[in-house]
Amino acid sequence: MNWADRTRPLWRIGNRLEALELRHLGFSATSVLSRGRVLLLETTGRQSGRRRFTPVAFWEEGSSYLVSGGAAGMSRTPDWVANLRASSDAAVWLRRKRIAMVATELSGAERDAAREQAAAIWRGIPAYEKRSGRLVPYFRLTPDATVAS
């Protein structure tokens, strides 16, 4: 267990508050203060079947959004990653608008390219990976063509 793991209960509380802000206001105090781009990721709980909301930093690539499961260097893989691995159906909330998405976990050269892009945007990525001791997953979120807007 590393120091980031010990802060997990605080992250859970902060994430719930930020999720409320993102969903109802379209922005969060954290994203404004950090000047980061944050979307609200909606997944289905793999065990509970309930909707789960998680604020996640992202970057855009065409009509897709890319996200990383770095979790500030925690050794445990984030729950939202396990939820996406169980079901690729997801949604993102941007500026109070819900967009249905399909998630694809990146692997091989595509994952490596996403990791390099993330490291160029957020200098802390290599430190998160080292501290976590795990391979950080990356996902591409693409609008779900089967869902009418």
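The exercises below work through a predicted model.

### Exercise 1. Helix 5

Find which residues of helix 5 are buried, and where they sit around the axis.

Solution. 

Step 1. List the buried residues. In helix 5 they are Arg111, Ala114, Arg115, Ala118 and Ala119.

Step 2. Check the arc. These residues cover only 135° around the axis, so they lie on the same side of helix 5.

Step 3. Recall the helix geometry. An α-helix has 3.6 residues a turn, so residues three or four places apart point the same way.

Step 4. Look at the opposite side.

Step 5. Identify the cover. The buried residues of helix 5 are covered by elements including strand 2, strand 3, helix 6 and strand 6.

Step 6. Helix 5 has 14 residues, which at 1.5 Å a residue should span 20 Å. The end C-alpha atoms are 20 Å apart, so the two values agree.

### Exercise 2. Helix 6

State which residues of helix 6 are buried, and what they pack against.

Solution. 

Step 1. Take helix 6, residues 125-132. Its buried residues are Ile125, Glu129 and Ser132.

Step 2. Find the partners. The buried residues of helix 6 pack against strand 3, helix 5 (108-121) and strand 6.

Step 3. Look just past the end of helix 6. Glycine 133 has a positive phi there, of about 70°.

### Exercise 3. Helix 4

Name the buried residues of helix 4 and the elements that cover them.

Solution. 

Step 1. Pick out the buried set. Helix 4 buries Trp80, Val81, Asn83 and Leu84.

Step 2. Apply the arc test. The set covers only 160° around the axis, so the four named residues share the same side of helix 4.

Step 3. List the cover. It includes strand 1, strand 2, strand 3, strand 4, strand 5 and strand 6.

### Exercise 4. Glutamate 42

Decide whether glutamate 42 is buried or exposed, and find its polar partners.

Solution. 

Step 1. Locate the residue. Glutamate 42 belongs to strand 1 (residues 38-44).

Step 2. Compare with the cut-off. Buried means under 20% relative accessible area. Glutamate 42 is at 5%, so it counts as buried.

Step 3. Find the polar contacts. The side chain of glutamate 42 meets that of arginine 51 at 3.5 Å. A second polar contact, of 3.0 Å, links it to the side chain of arginine 98.

Step 4. Complete the surroundings. Leaving aside neighbours within four places in sequence, glutamate 42 also has contacts including Arg52, Phe53, Ala90, Ala91 and Trp93.

### Exercise 5. Arginine 140

Repeat the analysis for arginine 140 in strand 6.

Solution. 

Step 1. Check accessibility. The value is 16%, so arginine 140 counts as buried.

Step 2. Find the polar contacts. Side chain to side chain, arginine 140 makes one of 2.7 Å with glutamate 61 and one of 3.3 Å with glutamate 110.

Step 3. Among the residues touched by arginine 140 are Ser64, Tyr65, Leu66, Val102, Ala103, Thr104 and Leu106.

Step 4. Relate arginine 140 to helix 5. Alanine 114, one of the buried residues of helix 5, is 26 residues from arginine 140 in sequence and 9.2 Å away, C-alpha to C-alpha.

Note on methods:
Residues numbered from 1 in each chain as written. Predicted model: local features only at pLDDT ≥ 70, side-chain atom pairs only at ≥ 80, totals over all residues. Heavy atoms only, no water. Helix = DSSP H or I, 4+ residues; strand = E, 2+ residues; numbered from the N terminus. Buried < 20%, exposed > 50% of the residue type's maximum accessible area, 1.4 Å probe, protein only. Polar contact = N/O pair within 3.5 Å; in protein donor to acceptor, adjacent residues only side chain to side chain. Contact = heavy atoms within 4.5 Å. Expected span 1.5 Å × (residues − 1). Arc of directions from axis to C-beta.
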